[in-house]
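Have the structure open as you read.

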Amino acid sequence: MTPLKYIAHYPEQIQDQARLLISTDRLGDYITNKYPSQHEIQSDKALYDYINDIKSQYMRKSNPLSQVSYNSKLKVLKDALGIHTYQSRVQGSKLKSHSSITVASLFKEAPPEFLRMIVVHELAHFKEKEHSKAFYQLCRHMEPDYHQFELDTRLWLHWREL
């Protein structure tokens, strides 16, 4: 059996379907037919605006984002698809917070649904730190097709490596 590192934790039935698409050279067709377009969010400024739009729609009460960026050094799987950081510091009598999101640069070439899935995932971590039931409920609240987009993003990553 071919190891599928991006979907290794998925049920065997899904892995078998992915292996069939790969062995019959149809994975690329599946991805490009289902997601024919690429998003236009190419700069850190555009990414910041995009993330803030989603954040203001679903997470108005959370702290403002300090920094948002693409990072070409972010390695998929080792460091995940994106990173979120949250720090609180006491400065005098005030509590200052710093929240940031970093997305792997390879997602500049991704369909818009994949970028949205990553952004929703990282935003959800500001409210729910662990990958719990509440975390995934929040992801699905912000993006009802979250789980399908996550699977297809992982299949897209496999296809890029073929």
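A quick definition to start with: buried means under 20% relative accessible area, exposed means over 50%, and partly exposed is in between, using a 1.4 Å probe and protein chains only. This is a predicted model, where local features need pLDDT of at least 70 and side-chain atom pairs count only at pLDDT 80 or more, while totals for chains, interfaces and linings use all residues. Residues are numbered from 1 along each chain as its sequence is written, and side-chain values use heavy atoms, with hydrogens and water left out.

Side chains of opposite charge can pair when their charged atoms come close. The cut-off for a salt bridge is a side-chain nitrogen of Lys or Arg within 4 Å of a carboxyl oxygen of Asp or Glu.

| Pair | Closest N to O |
|---|---|
| Arginine 19 and aspartate 16 | 3.2 Å |
| Arginine 160 and glutamate 109 | 2.8 Å |

Take arginine 160 and glutamate 109, whose salt bridge has its N and O atoms 2.8 Å apart. Arginine 160 sits in helix H6 (residues 146-161), and glutamate 109 is in the loop between strand S3 (94-104) and helix H4 (112-127), so this pair ties together parts that are 51 residues apart in sequence. Helices (H or I, at least four residues) and strands (E, at least two) are DSSP runs numbered from the N terminus. Both partners are partly exposed: arginine 160 has a relative accessible area of 38%, and glutamate 109 comes in at 45%.

H6 also holds glutamate 150 and arginine 154, which are 4 residues apart and so separated by about one helical turn. Glutamate 150 is buried at 10% relative accessible area, and arginine 154 is buried too, at 16%.

Over in helix H1 (residues 12-23), arginine 19 and aspartate 16 are 3 residues apart, again about one helical turn. Arginine 19 is buried at 14%, whereas aspartate 16 is partly exposed at 39%. Those two also belong to a salt-bridge network that links Glu12, Asp16 and Arg19.

Finally, what about the span of H4? With 16 residues, H4 reaches 23 Å from its first C-alpha to its last, close to the expected 22 Å; the expected span is 1.5 Å times one less than the number of residues. Of the 16 residues in H4, 13 are buried, so the helix is largely enclosed by the rest of the structure.
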